[in-house]
Amino acid sequence: MLAQKRTWIGIVLLILIVGAFYLLFRKVKFSDLASDFSNFHLLWLIPALSIYLVGYGIRGFRWVVLLSPIKKCKFKSLFPTLMIGFMANNVLPARAGEFIRAHLNGKKEGISRSASLGTIILERLFDGMAMLLILGSSIYLRHSASTPISQNIEGPARLASYIFGTAFLGFFAMVLFKKQTITIINYLISHLPKKHHALLENIAHTFLDGLQILQNIKESFLVLTASVAAWTCEFTAFYLIGIGFQIAPEPLHFNSAALVMAITNLGLMVPSTPGGLGIFEGIGVTLLSIYPIANHTALAYIVSVHILVWVPVTLLGYYFLHHEGLTLKGIEKENQNNKRKARK
């Protein structure tokens, strides 16, 4: 039954990916794309890749801080798990790497998987807040430079700010009023079948432990600062690739690269295809259409950026997976066994 379900999911995802790339490539001449790639200055890959990977070092440090109220973990222990999780996001659908990462970290550090998942969800919220700050700054700079910004961008940006702001305040309220939250959770669980009560109560309570960082303003600010720094590294890499394609600094300014990065990644926060394949390119090319950049050049650029953000992380993740004697199939099997035991 599970294998059949996965087969259908795989077919649907393949159709989505093929459809997205068909729409992107149907009006582009491959000779124009070949010309764009041949004119790309490969030397710009070196600084772009370097600064992009620095961003993941910052993310590793951020996770150390997020987990600190639960356990003082070491960077060298967390970083391989972090990269395995991001690699799994790149090769599996629906951001399954987040759950793999929580499972591995729980096993390695001896802490609740639910608490680990709580810190990962907080990461996504801080990522969203950071990207909204970057997006807001880039939109403001475009306005101050008397450059028109499409309402199609401002509208979704405001909606995203409401969603992330509400979610962030909701989690903060859960931590601030922890006793009341536990009372509500226990009340809701009491209306479910009794055999699930103990399991669900344990998951809910340990999940709240993963949100403890919100009780400390100083450490929460540190996490937000690290998030902004990590995403600044990413849009700087976008900009450097733009220089390689000779579309930066004109017409793709530094703040424009920030805008493209923020919106594409906000779009990918919704569970979708593995690594956002096809979705990333679609959003990126659509955004670049507001600039005087040829469609084929925009496509060559955004495909190159996606290669930059996909390949190094995936290779590093597989390296750490192999180094720790693990396989994705083995992790999934172990996770399924743990779920069966928990149900019993």
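Guide: Contact here means heavy atoms within 4.5 Å. The model is predicted, with local features needing pLDDT of at least 70 and side-chain atom pairs pLDDT 80 or more, while totals for chains, interfaces and linings use all residues. Residues are numbered from 1 along each chain as its sequence is written, and side-chain values use heavy atoms, leaving out hydrogens and water.

Visitor: Okay, which residues does N89 touch?

Guide: Skipping residues up to four places away in sequence, N89 touches R95, A96, G97, E98, P274 and G275. N89 itself sits in helix 4, residues 75-91 (helices are DSSP runs of H or I, at least four residues, numbered from the N terminus).

Visitor: Why does N89 count as buried?

Guide: Buried means under 20% relative accessible area, exposed over 50%, and partly exposed in between, using a 1.4 Å probe and protein chains only. N89 has 8% relative accessibility, so N89 counts as buried.

Visitor: What makes helix 3 and helix 10 roughly antiparallel?

Guide: Their axes, lines fitted to C-alpha atoms over the stretch in contact, get angles from 0 to 180 degrees between N-to-C directions. Under 35 degrees is roughly parallel, over 145 roughly antiparallel, 65 to 115 roughly perpendicular, and the rest oblique. Helix 3 (residues 45-67) and helix 10 (residues 217-244) cross at roughly 165°, with axes coming within 8 Å. Helix 3 and helix 10 are therefore roughly antiparallel.

Conventions: Helix = DSSP H or I, 4+ residues; strand = E, 2+ residues; numbered from the N terminus.
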